Amino acid sequence: MSILLYLCIPGLPSYIKLSERAGAVPRKGDRIRVDAGCLACAHSREMLETVPAFHCFERNSETERMSVARFLEECVMVVESREWSYEDGLTCCVLNVSVEW
């Protein structure tokens with residue numbers, strides 16, 4: 001079964017598309033990392049690379065200097081919950097995460 005896998009990062013205008021055909025979905029409590037450069041979705045890559053990190057995370061001297069993509073390289077996200085839905089006959093899962101930095 002193919003699953004569209006998305007990531008919800010509060011402060012971004014839309015979900016980040018992680019995969020169009022995820023074979024497995026992280027569970028609540030799983031720790032994940034996201035490498036923006038490896039995302040197949042050009043829109044998601046561009047959003048992560050252009051949005052300043054302080055739009056989504058605590059504003060400080062470091063988050064003011066980096067993009068969300070760079071911030072995600074340095075942190076680990078923990079899956080807090082999963083939301084399931086269906087789009088055009090495909091199973092979709094949105095991961096809601098907290099950040100450990």
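User: Which residue lies over the face of phenylalanine 54?
Analyst: In this predicted model, arginine 59 lies over the face of phenylalanine 54, at 4.0 Å from the ring centre.

User: And ring pairs, how many aromatic pairs are there?
Analyst: The count comes to two aromatic pairs. The rings of tyrosine 6 and tyrosine 15 have their centres 6.3 Å apart, and their planes stand at 45°, so this pair is tilted.

User: Is tyrosine 6 buried or exposed? What about tyrosine 15?
Analyst: Tyrosine 6 is buried, because its relative accessible area of 12% falls under the 20% cut-off. Tyrosine 15, at 40% relative accessibility, counts as partly exposed.

User: What can be said of phenylalanine 57 and phenylalanine 71?
Analyst: These two form a stacked aromatic pair, with 4.1 Å from centre to centre and 20° between the planes. Phenylalanine 57 lies in the loop between H1 and H2, whereas phenylalanine 71 belongs to helix H2, so the pair ties together parts that are 14 residues apart in sequence. Both phenylalanine 57 and phenylalanine 71 are buried.

User: Changing topic: how many residues has the largest nonpolar core?
Analyst: The largest nonpolar core has 29 residues. Among those with the most contacts inside it are Leu7, Ile9, Leu48 and Leu72. Elements that give two or more residues to this core include strand S1 (3–8), helix H1 (42–50) and strand S5 (90–100).

User: Which element gives the most to this core?
Analyst: H2 does, with four residues.

User: What is leucine 48 in contact with?
Analyst: Leaving aside neighbours within four places in sequence, the contacts of leucine 48 include Ile9, Leu12, Val34, Ser67, Val68 and Leu72.

Note on methods
Residues are numbered from 1 along each chain as its sequence is written. This is a predicted model: local features need pLDDT of at least 70, side-chain atom pairs count only at pLDDT 80 or more; totals for chains, interfaces and linings use all residues. Side-chain values use heavy atoms; hydrogens and water are left out. A nonpolar core is a set of buried Ala, Val, Leu, Ile, Met, Phe, Trp, Tyr and Cys residues joined through side-chain atoms within 4.5 Å. Buried means under 20% relative accessible area, exposed over 50%, partly exposed in between (1.4 Å probe, protein chains only). Contact means heavy atoms within 4.5 Å. Rings of Phe, Tyr and Trp (its six-membered ring) pair if their centres lie within 6.5 Å; planes under 30 degrees apart count as stacked, over 60 as edge-to-face and the rest as tilted. A charge sits over a ring if NZ of Lys or CZ of Arg is within 6 Å of the ring centre and within 35 degrees of the ring normal.
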